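Work through the following exercises with the sequence and the model side by side. Each task is followed by a solution that goes step by step.

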Amino acid sequence: MNLLILGGTRFLGRALAETALDRGHTLTLFHRGRHGQDAFPEAEHIIGDRENELDLLQGRTWDAVIDTCGFIPRVVSASVELLKDRVGHYTFISSVSVYEDLTRLHVKEDAPVATLSDESIEDVTQHYGALKALCEKTVEAAMPGRALHIRPGLIVGPYDYSDRFTYWPRRIAQGREVLVPPKEGRVQVIDVRDLAAWMIDLVEKRTVGTFHASGSDYTMGQLVDVCARFSSRPVEFTWVTEPFLREQQVGEWIELPLWVQSDSLVGLFAIDNAKAFASGLTTRPLIDTVHDTLAWDQSHPPEEKRKAGLDPAREAELLRLWHSRKKKS
């Protein structure tokens, strides 16, 4: 196939590009040139910003396009309007955050999505899910019967620049005492390479419709136990309670990655993936993902600033407070 990827050099886009090229597809990458400019020399690179340089795609046709970086409906609309007569199939990367209610468990693809009273709003930080839902609607309206919408959960693995999953293999590999949220907490992750392989399968088949892609289910206890296998130093897990984390105002999701409060977005890590698995999605063992993520992370300078995870001083203070409370009780 002759494929176009909007994005394609950083994380999911990178994995999609690698998979497509490995399968012998012809590939064009349209990206801003900010990351991985030297990646995939065998692909065609068109350097431009989709918000104001779409004219660089004029006069070209492709069998299919994969849109990895659409967040604002206005911008996505411009892309799909330009491409709808130039491509046969459009894949849009959305998110499980589109749903109106993520306090529910086992949400299916037909659950109500979030909406905006004012659809001109473009604040992605405040309205990420609702904007993604509107982007899906925009693509479907322009290319009915030719669109595939993928709603991933937490994508993990090598080249994950968010640090949300990566924090745990890295921190546990450092050894010593590690503060961990309740061990029964749900964790649902998908390795970026498994996601990419399945998505290229769907594109090759011209599959249409909406699919979740949240991967396999684990508990926090299972996750950290796997991470501990790669620590060369003694490690001790101190499991703290949710009331303690609330009292100390520990931030969920980013400050303490993969932890969400029990009355918060627990459905985020309990999405129904039956449709994806029935369509051919397969996931590798968690131990492989942890190993490869840690190996990739350890190639970075130790002093590199991280985007998620407890600051060491903050963790030490929380542990001191926890043990002090336990002694008094």
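**Exercise 1.** Are α2 and α3 roughly parallel or roughly antiparallel to each other?

Before starting, note that this is a predicted model, in which local features need pLDDT of at least 70, side-chain atom pairs count only at pLDDT 80 or more, and totals for chains, interfaces and linings use all residues. Residues are numbered from 1 along each chain as its sequence is written, and side-chain values use heavy atoms, with hydrogens and water left out.

*Solution.* Begin with the elements: helices (H or I, at least four residues) and strands (E, at least two) are DSSP runs, numbered from the N terminus. The axes of α2 (residues 73-83) and α3 (residues 124-142) cross at roughly 20° and come within 9 Å, the axes being lines fitted to C-alpha atoms over the stretch in contact, with angles from 0 to 180 degrees between N-to-C directions. Angles under 35 degrees count as roughly parallel, over 145 as roughly antiparallel, 65 to 115 as roughly perpendicular and the rest as oblique; α2 and α3 are therefore roughly parallel.

**Exercise 2.** Which residues of α6 and α9 meet, and at what angle do the two helices pack?

*Solution.* First, α6 and α9 pack at about 55°, with their axes 9 Å apart. That makes α6 oblique to α9. Next, Leu-223, Val-226 and Cys-227 of α6 meet Leu-286, Ile-287 and Val-290 of α9, where contact means heavy atoms within 4.5 Å.

**Exercise 3.** Which residues have the most contacts inside the largest nonpolar core?

*Solution.* A nonpolar core is a set of buried Ala, Val, Leu, Ile, Met, Phe, Trp, Tyr and Cys residues joined through side-chain atoms within 4.5 Å; buried means under 20% relative accessible area, exposed over 50%, and partly exposed in between (1.4 Å probe, protein chains only). The largest such core has 34 residues, and those with the most contacts inside it are Trp-168, Leu-223 and Leu-258. By element, α6 gives the most to this core, with 5 residues. Finally, leaving aside neighbours within four places in sequence, Trp-168 is in contact with residues including Val-178, Met-220, Leu-223 and Leu-258.

**Exercise 4.** Is Asp-163 buried or exposed, and where is this residue found?

*Solution.* Locate Asp-163 in the loop between β7 and α4, and then read its relative accessibility, which at 6% makes Asp-163 count as buried. Its phi is near 70°, a positive value in a residue other than glycine. For background, most residues other than glycine have a negative phi.
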